[in-house]
Structures are given as structure tokens and as C-alpha cells.
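Here are some notes to read alongside the model, for anyone meeting it for the first time. Please keep the view open as you go.

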Amino acid sequence: MTPTKRRTLKVLGATLGASAFAYAVEPLRAFTQNITLDQFLQGHFKELTPEQLEVTLARLEQETKDRHGRDVTIRADPAIEGVEFGYGLNLSICVGCRKCAEACHVENNHDRASNNSYIRVLEMTQGSFNLEHGNASYDHAVPAPDKYYLPVQCQQCDNPPCTKVCPVEATWKEPDGIVVVDYDWCIGCRYCEAACPYHARRFNWTTPEIAPEEINPDQGYLSNRIRPQGVMEKCTFCLHRTRRGELPACLEACPTGARVFGNLLDPESEIRWVLANKRVFVLKEELGTRPRFFYFFDK
Amino acid sequence: MTKDADAPTDSSPDAGLPSDEWTSPPPAPETLPPRSLRLPMRTDSSATMARMLEEAGKQASPEIRESERPPAVSERVTSIPPPISSRGGVHPDIPSYTLFLWRIAKTAFESTWRYYLWMTMLTILALIGVNAWAGQTGGGMIHTNMTDHVSWGLYIANFTFGVGLAAGAVMMVIPAYVYDDHDMHDVVIFGELLAIAAIVISLLFVIVDMGRPDRLWHLLPGIGRFNWPRSMLTWDVIVLNGYLLLNLHIAGYLLYMRFLGRRPARRWYVPFVFISIGWAISVHAVTAFLYAGLGGRPFWNTALLAPRFIVTAFVSGPAFVIVLLQVVRMFSAYQIGDGPIHTLRQILRVTIPANLFMFGSEVFTAFYSGGAHAASMRYLLMGLHGKTTLVPWMWGALALNFASLLIVYLPVSRKNLRLLTAGCSMAFGGIWVEKGMGLIVPGFVPSTLHEVIEYQPSLTEWKVSIGIWAAGLIVLTVAVKVALRVLTGRVTIDTYAHSLPPRALPGGTGL
Amino acid sequence: MSVRHRAILLAICLTACGAKDEARQLAPILGSAPGEVEINVPAKLSSIEVDAVDPLGRPLRIACATCHTTKETAVLPESPSELQAFHVGLQFQHGSNRCASCHVSEPLRAPKLRLADGTELPMTEALQLCAQCHGPQYRDYKAGAHGGMQGFWDLRRGGRTRNHCVDCHDPHVPKPPQVLPAAAMRDRIPVAAPARGEEGHE
């Protein structure tokens with residue numbers, strides 16, 4: 001083969017290869033078109049100055065309007081001094097109606113197609129605490145005889161395994177006890193999801209799709225704003241509500257009042273009463289995670 | 001193989017090189033470097049090399065004689081402002097090193113039709129993988145079959161296996177440098193090249209597993225936030241990249257010295273080699289700690305995980321290298337004795353049973369005490385609540401491991417290399433399943449709330465994974481090819497300096 | 001912003017941080033006033049639903065007093081099965097109680113409730129009646145560990161509305177009925193349009 005022929009073939013091959021490559025990466029355009037430079041360069045939440053935060057929140061509100069068709073307010077309320085949240089759950093009263101899971105789904109702007117929720121309710125057999133015999137996909141009238149119901153959500157652990165393993169510090173524990181995720185910093189490696197012993201974390205396998213009229217417009221940067229694809233999310237005890245003093249959505253939806261929420265540092269609070277007067281336990285205590293979610297039975 | 005009648009005789013960079021080098025002898029002696037340069041390097045290679053280059057300089061090819069005869073090699077090396085600073089101080093060899101890399105990179109595009117076919121096939125597979133990954137990044141990880149229950153799958157399984165392969169490839173370094181096995185010295189470089197390719201594969205698998213690869217910069221210390229030392233993933237980033245750089249340095253330095261026909265200075269590679277032994281172990285221990293440190297996953301939360309990882313790495317690495325060495329023998333004139341292969345076989349005779357013993361230990365611990373913590377092992381070996389997807393995989397892997405154990409212990413496998421290769425392939429496949437799908441997926445089944453949601457990779461995941469393995473094989477092929485070019489003397493400072501246009505050479509050299 | 005600018009900004013932030021940690025002044029939410037805990041008074045304590053509908057199609061409710069203050073009501077029966085004219089079909093499953101255990105029904109007077117010692121209570125004070133027997137549940141209810149609520153956990157910033165016992169527990173059949181649960185999360189969602197050759201998921 002002459003050198004000219006060889007060279008021609010090589011150039012031809014290179015051109016073919018380059019165009020094949022361009023064709024191969026074409027689907028990436030859908031992705032890159034959706035990312036603006038501001039989004040790409042956005043810093044970690046803890047490093048934003050108040051002015052930068054204002055600008056970022058305004059931009060996110062505009063992006064939500066453009067992409068999902070609804071005017072929203074995104075706030076970034078800081079933790080309140082002297083407040084540490086605790087949550088109690090009365091297993092004698094919970095009837096397994098899943099209204100808490102449904103309220104969470106609506107409040108937190110979850111993807112409609114998957115009926116995603118941070119709360120997973122397990123139907124357990126009376127007398128046994130073996131989670132292996134629990135069933136999360138029950139579909140019959142509740143409460144069924146001889147069963148009790150165990151809703152599980154993020155336990156906001158004091159020694160969280162999830163924040164330890166995040167390689168970019170996209171998730172951390174706030175001063176009021178809530179473990180939060182910065183959705184614009186998360187790289188989507190899902191190590192925290194592997195580390196969590198309570199199945200509390202969710203990953204956005206796709207961009208959430210919600211009809212504009214169903215979007216909850218009262219949003220928080222660290223809690224229920226509509227997350228982008230490819231990032232982790234989790235229960236935040238509705239911090240966009242609770243940091244304003246309101247009850248979380250799951251508690252308001254619970255018809256039986258099995259849920260108790262309040263400030264652990266306030267000796268007069270309902271949660272403190274529960275801790276003092278009920279036999280309280282936590283899930284998987286032996287793992288040393290020190291959850292802030294306390295279960296109790298009445299009897 | 002057709003011979004090229006009209007071999008190039010001009011002074012283009014391609015001059016002096018045959019059109020194909022794989023199996024046929026060169027077409028005409030006048031256009032080749034002296035035959036002596038293609039002799040096997042058995043003993044102290046660098047001294048032999050220097051001696052042979054001396055001779056080569058004396059019997060320069062007719063073509064070189066036609067132009068102005070350059071001084072002998074030993075003279076030339078000193079009369080050109082030395083690329084290597086023997087004076088100390090800042091090395092002016094950095095530019096030369098770059099030119100050396102450029103030169104050998106070009107050889108990756110000069111070869112036989114078989115090579116091109118192989119590389120084209122690999123490129124096609126890699127492009128299919130790129131396309132599938134682009135679709136996954138654009139459309140979301142929903143295109144994989146991972147769920148919130150089984151949130152790591154084929155990608156992380158392959159990552160784990162790839163890191164083990166990289167760590168185990170360096171297994172040959174121990175006999176060569178710690179035990180002074182001289183036969184091994186000649187082939188250590190292939191282990192290092194395999195390590196480079198395997199690390200590239202592992203890093204690619206991590207990137208494709210990320211939900212937001214556009215945010216990779218968040219990992220950079222200083223600009224992003226690097227959660228070291230708390231997060232084991234950050235340790236993994238450090239050790240993997242460090243290991244890559246180590247192997248690139250060692251392999252690059254040794255090849256560069258061979259290229260220049262100089263004896264490698266011990267201080268530039270021996271300490272790094274010893275560091276790479278420890279580093280290889282730590283690479284894989286850190287990867288094991290990623291999983292072993294999670295208290296919520298009892299299947300992984302065992303002290304035995306890191307030792308198992310190391311041992312399986314020392315199965316997959318040597319198994320692959322045995323096959324690689326035979327491939328090199330088949331396609332190149334570089335002579336490799338049977339010594340390294342026998343040594344690696346001996347290593348397999350220790351590590352394959354060690355791994356099976358450790359696995360047996362895990363099985364005993366799980367089943368004798370019973371209870372909920374045995375659920376993952378039960379799922380893996382027997383199925384759980386009627387879900388049995390992984391059961392055939394696992395038993396298949398065990399069968400492959402036992403078969404390979406048998407083969408390496410049969411005396412005939414010492415001589416019968418075809419049987420040994422079959423055994424190595426079985427060991428490789430068995431470890432791939434056991435450490436990949438058979439380790440990652442059962443960690444998630446049952447889930448932390450004890451639910452059994454199964455997982456089988458989706459088509460996208462298979463395409464991306466095969467694409468990445470193809471890309472890794474491209475890296476390996478190119479690396480081995482250029483290394484062989486240098487090792488067999490096809491590409492040396494001779495051919496390089498000769499092929500440079502005159503203006504590149506400094507004046508006053510006698511040329 | 002370039003990487004260098006970001007680095008400079010990072011340095012500035014590290015020295016100037018802390019400004020974000022003050023509690024912000026929060027606007028009060030319209031609704032209940034701070035500190036107020038309002039207990040819902042269910043309509044069924046003062047009216048009864050009848051089969052008719054009003055012109056807008058809503059079920060018609062008639063106040064108890066409407067009939068009880070204008071008609072001669074019968075003596076309280078031993079059990080609801082004895083009812084013949086009004087309140088027919090009333091289900092009753094509340095231990096060994098009888099109608100007269102809780103109710104006071106005198107002709108031409110609005111109906112009242114009575115405690116065990118005979119003290120009369122207006123119907124809207126039924127909570128006290130439940131509490132007299134169900135002490136532990138009442139204690140839990142007062143502490144906030146029983147019974148649904150809506151509003152604020154932090155009563156300094158807003159009030160709260162609480163369910164009444166009767167909101168969930170029909171006094172005649174107190175055991176709450178079974179309900180059908182809301183839908184569970186679907187563990188896998190179908191991909192909208194499978195790519196060429198790709199399979200759909202369940």
C-alpha cells in the first residue's frame with residue numbers, strides 16, 4: 001500500500017470516527033441545553049453570601065416558572081436558635097391509611113408518575129418486629145386485624161451514616177437537627193443511599209413531572225423545590241414549614257393523630273412529653289445512628 | 001501477509017519502518033534497523049541494549065550510510081545536547097519526553113489490517129457505549145434498571161472488579177522486585193500497562209454511574225468541596241488517581257530509557273515500584289472499605305471484605321496477565337519465556353483456594369447462626385421469598401472458580417497453555433460474577449427495610465459497560481503495542497533521531 | 001463567574017460568614033392567633049343529617065334543638081333497637097353502656113349529656129364525657145399525643161386546630177371504621193418511550 005493510499009485511508013477513518021462520535025453523543029445535547037452557565041458554576045449552599053443566595057433563589061424561581069409553568073416562592077429560612085426538631089409516632093394509633101405518604105407526595109412536589117413519597121408504611125404482624133415480614137405494598141382495607149403499621153421516613157439521625165460518606169459534602173446536618181441536601185451540589189453518586197439504614201433517601205431517576213396546578217408553590221431551597229434529574233433527595237421534616245413554626249404536612253394529614261412533632265429543647269413541648277411518659281424506642285438502635293424519630297406504643 | 005514491494009525510501013517519518021510487524025519478517029534488510037535489535041532481552045536488559053546499540057551504530061544500515069553517516073550511538077548520545085541531564089538540575093528531558101510520547105503515540109496508527117480490524121471493532125463497541133451513556137445522561141438514570149432499593153448495579157460491579165484487576169496486575173511486581181525473579185522483570189511492564197488500562201476502566205465506570213457527571217468538578221479540592229477524610233469515596237479518588245500516575249510514571253520512564261538506549265536510573269523507578277506494591281494493596285483495601293464501612297448493609301459490613309478483595313484481585317490480575325502474555329507472544333517478536341507464566345500460575349494456585357476459603361467462611365458465618373443477617377447470602381445462593389434471579393449467576397461463578405482451581409492444580413496445565421488459558425478465563429469470569437454482581441446486588445437485597453426488590457441490568461447498562469471495556473481494551477492495546485515497539489527496538493532514539501527533519505537537531509553535532 | 005472569581009469569593013465568604021445565621025423575622029400566618037389551640041366542634045354534636053338535600057345538593061342537617069324543643073320526645077329506650085319513630089337504624093357498640101349512660105332527654109328541652117355523677121353537659125362539651133372514662137387517651141390528647149391537629153407546632157407564632165374525639169370516634173360505634181389506604185409508591189415507573197431495542201419496565 002502506498003503511503004498516500006495509507007494516509008487517505010487514515011484520514012477517511014478518522015473522519016468517519018469523528019462523525020460517528022458526534023452522532024453517538026447527540027443525546028447529550030438534551031442534557032447540556034438544559035444547563036445554564038450560572039447553574040453549572042453555582043457554589044455550595046453554605047458558601048453563598050446573602051446576596052448570592054438572593055440571586056440564586058430568584059434564578060431558581062424563574063427556572064421553575066419556565067420549566068414547570070408555575071410561579072413559586074423559594075425561601076431559604078435558616079435554622080432557629082434554640083430549636084431542635086424531634087418526631088414521635090404512636091404505633092398503637094396508626095391505622096396504615098398512608099395519608100401521610102400522600103400528603104408528603106403533594107407537599108414535596110414529587111414526581112407524579114411514580115407516586116414517590118419519603119414515607120414508606122410497612123404492615124407488620126402484631127407481636128413481631130421482624131421487618132422481613134413487613135409488607136409495604138398492602139392494598140386492602142386498614143387497619144387489618146392482627147397487624148400494626150410502621151411508617152418509616154428519614155430519622156434525621158444524630159450520627160448520620162449518610163453525611164459521613166458524601167464525597168462532596170452535598171448533605172449535612174443543620175443546627176436544628178435536620179439532615180439536608182443541596183440539590184445543586186449533589187453529584188448523584190448515590191453513596192448516601194447505600195449508606196442509609198432506613199431506606200430514607202430517594203434518587204431522581206428522571207426529572208419530576210408535575211402538572212402546574214398541582215405544584216406546591218410554597219418552596220424551600222433545601223426542602224421541597226422541584227429537584228433536577230440525577231440528584232438525591234429526602235425528608236426534611238418540611239423545613240420550609242417547620243422553620244416558620246408550622247406542623248409538617250404528614251402530621252397535618254394524619255387523621256388519627258399518631259404523629260407528634262416539636263422542639264426537643266422545649267421542656268413543655270408535646271414531643272418532650274412523649275419522651276418522658278411513653279415507652280419510646282428507635283429503629284436499628286444497635287447501629288448507633290441515634291435517630292430523632294421516636295416510636296412508641298400506648299400499651 | 002503481502003509484502004510491500006515499494007517500501008518507502010524517502011526520509012519521511014515512516015521511513016525505516018515496515019508496513020506490518022506482527023508476524024512476517026521484514027521485507028528488505030536495507031530498510032530495517034539491524035536485526036540484532038530484535039533479539040530477546042533475557043538478562044540485564046539495559047546493558048545488553050546499550051551493547052547492541054553500539055554494534056548497531058557500527059553496522060549502520062545502507063540507507064543511513066547513504067546520507068551523512070552519523071556518529072556511533074554512544075557518541076551521538078553525548079554529542080547531541082543530552083536529553084537526559086547528567087549534570088543534575090532541571091531536566092531538559094521534559095520536552096524530549098513529550099516528543100517521545102508523541103512519537104510512540106504515532107506508532108499506534110501504523111500497523112496491520114488485523115490490528116485495524118481489532119481497533120475498529122473496539123471503537124464501534126465504545127461508540128455504542130458512548131451513545132447509550134449520552135442517552136442515559138440526557139434522559140435520566142431511569143434508563144438503567146436501578147431503583148431506590150438496588151441503587152448500585154452493573155456499573156459499580158464492574159468498577160469494583162476493574163479496581164481489583166488493576167491492583168492484581170501489579171502482582172507480578174512482587175516476585176520481580178521483592179524476590180528478584182529475573183524472568184519476571186521482562187514482563188512486569190505488561191502488568192503495569194494492564195493496571196493503567198484497568199484504572200481507566202474503573203474511573204469511566206464511576207463517571208457513568210454518576211447522576212450528574214457535569215458536576216464532577218465539585219470533587220476538586222479547593223474549587224469544590226472534598227469531604228476527605230470522612231468519606232471513603234474521597235480516599236478512593238486519591239488512591240486511584242495516584243495509582244494511575246504511579247504506573248504511568250514507572251512504565252513511561254522504563255520505556256523512555258529503553259527508547260534512549262540508556263540504563264534506567266534506579267532512583268527513578270525502584271522506589272516507585274515498591275510504593276506501587278503498597279499502593280496497589282491500599283487501592284483495593286480502600287475500595288473494600290467503601291462497602292465494609294456501611295453498618296446498614298450487613299452483607300458488606302464484614303471485616304473479611306478487604307482481604308477477600310485483595311485475594312480476588314490476585315486471581316483476576318494474574319489470570320488476565322497469563323492470557324495477555326500469550327497474546328503478546330503470538331503477535332510480536334518480543335520473546336517471553338515460560339518462567340513468568342509459571343510463576344503466575346503458582347500465584348493462582350494460592351489465591352484461588354484462598355478466595356474460596358474466605359467465601360466458605362462467609363457462608364458458614366451467615367448460615368450457622370442464621371437470623372436476618374443471613375438473608376442476603378440466602379438470596380444469593382438459594383433465593384429469598386421466591387426471588388431467585390441471582391442464584392444461577394452465583395452457582396455458575398462457584399462452578400467456574402472450582403473448575404479453574406482444578407485446572408491450575410493439574411500438572412498438565414504447566415505445559416498445556418491452552419488448558420491454562422481456559423482455566424484463567426474461568427477464574428476471570430468467576431471472579432467477575434462473584435465480586436461484581438454477586439457482591440454489589442446482594443448488598444441491596446433485601447433492602448434496609450427487608451424488602452426484596454430484584455435487579456437485572458438494562459440494555460443501556462450492558463451497552464455502556466461493554467463500551468467501557470472496549471475503551472479499556474483500546475487503551476491496553478495501544479499501550480502494549482507501543483511498549484512492544486520500544487521493547488523490540490523498532491522505535492528507538494536511532495530511528496527517532498534519524499527520522500527527525502534536520503532543523504530539529506541542534507547545530508554543531510557533526511551531522 | 002470565572003473560577004478565579006469564585007475562589008476569591010470563597011475566601012471572602014469564609015471570612016464574612018455568620019451573617020446568615022440570625023433568625024429572621026417571620027410574618028405571621030393568617031388563621032389562628034398565636035397561642036390559641038382551638039378544638040374543632042363537629043357538626044354532629046349539634047345537628048343531625050337527614051336524607052334530604054338542599055337546593056344546592058348538599059345533605060340537609062337539622063339542629064337537634066329544632067325537634068327536641070318543639071316536640072314531645074319519648075323516654076330514652078334500653079337499646080337503640082327499640083327506637084321506632086326517630087333515630088331509627090342507629091348502630092350501637094360501646095361496651096355495656098346504655099342510652100341513659102350518656103344522654104339526658106327531657107321533653108321540650110334541648111338534649112344534654114350527663115356525666116356519671118349526674119352533672120349535665122351541653123352536647124358540645126362531649127369531650128369531657130369521653131374523658132371521664134377514657135382517662136389515658138384524654139391525658140395523651142391533652143399532651144398532644146393523640147388526635148389529629150393542624151396549624152403550628154410553635155404556639156408562639158401561631159395557633160392550632162385540633163380534632164375533637166367525635167371527629168374520628170362516633171360515640172355510638174367508637175371504633176373507627178376501616179378505610180382503604182392511599183396508593184403505595186410504585187417501585188418502578190415505565191419509561192415513556194423505550195429507545196430502539198430497549199425493553200420497557202414493569
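1. Let's begin with chain C of this predicted model. Its secondary structure amounts to six helices and eight strands. Followed along the sequence, these elements of chain C give the pattern α-β-β-β-α-α-β-β-β-α-α-β-β-α.

2. How much of chain C is buried? Of the 202 residues in chain C, 13% are buried. Looking at contacts in chain C with a separation of 6 or more, 48% are between residues 24 or more positions apart.

3. Next, please turn to the contact between chain A and chain C. Chain A brings 45 residues to this contact and chain C brings 36 residues. On the chain A side, the elements that give two or more residues are E2, helix H5 (99–107), E10 and H10 of chain A. By class, the side of chain A that touches chain C has 20 nonpolar, 15 polar and ten charged residues.

4. Some of those names return in a sheet of chain A. This is an open sheet of four strands, ordered E10-E2-E12-E11 in chain A, with mixed pairing. Strand E10 (259–263) and strand E11 (280–281) of chain A are at the edges; each has a single partner strand, so one side of each lacks a neighbour in the sheet.

5. Which way do E11(A) and its partner strand E12 of chain A run, and how many bridges join them? The two strands are antiparallel, and two bridges connect E11(A) with strand E12 (residues 293–296) of chain A. A pair you can find in the view is A:Phe281 and its bridge partner in E12(A), A:Tyr295. Packed on this sheet is helix H10 (residues 270–277) of chain A, which touches strand E2 (85–90), E10, E11 and E12 of chain A. The direction of H10 makes about 110° with that of E10(A).

6. Chain A also meets chain B. This contact takes 54 residues from chain A and 49 residues from chain B. On the chain A side, at least two residues each come from helix H1 (3–24), helix H2 (28–33), strand E3 (120–125), helix H6 (161–165), helix H7 (191–195) and strand E7 (201–203) of chain A. H1(A) gives the largest share, six residues. The side of chain A that touches chain B divides into 35 nonpolar, ten polar and nine charged residues.

7. Within chain B, have a look at helix H11 (residues 305–331) and helix H12 (residues 339–369) of chain B, whose axes are 8 Å apart and which pack at an angle of about 150°. Since angles over 145 degrees count as roughly antiparallel, H11(B) is therefore roughly antiparallel to H12(B). The crossing of H11(B) past H12(B) is left-handed. Among the residues that make the contact are B:Phe314, B:Val315 and B:Ile322 of H11(B), and B:Leu344, B:Ile347 and B:Met358 of H12(B). By class, the contact of H11(B) with H12(B) has 17 nonpolar, three polar and two charged residues.

8. Helix H5 (residues 113–139) and helix H17 (residues 459–487) of chain B cross at roughly 140°, and their axes come within 7 Å. That angle makes H5(B) oblique to H17(B). H5(B) passes H17(B) in a left-handed crossing. The contact of H5(B) with H17(B) contains 16 nonpolar, seven polar and one charged residue.

Definitions and conventions:
Residues are numbered from 1 along each chain as its sequence is written. Chains are lettered from A and ligands numbered from 1 in the order in which they are written. This is a predicted model: local features need pLDDT of at least 70, side-chain atom pairs count only at pLDDT 80 or more; totals for chains, interfaces and linings use all residues. Two strands pair if DSSP finds at least two bridges between them. Two residues are in contact if their C-beta atoms, placed from the backbone, lie within 7 Å. Axes are lines fitted to C-alpha atoms, for helices over the stretch in contact, and angles run from 0 to 180 degrees between N-to-C directions. Angles under 35 degrees count as roughly parallel, over 145 as roughly antiparallel, 65 to 115 as roughly perpendicular and the rest as oblique. A crossing is left-handed if the near helix is turned anticlockwise from the far one by less than a right angle, and right-handed if clockwise. Ala, Val, Leu, Ile, Met, Phe, Trp, Tyr, Cys and Pro count as nonpolar, Asp, Glu, Lys and Arg as charged, and the others, Gly among them, as polar. A residue is buried if 20 or more other C-beta atoms lie within 10 Å of its own, exposed if 12 or fewer, and partly exposed in between; C-beta atoms are placed from the backbone.
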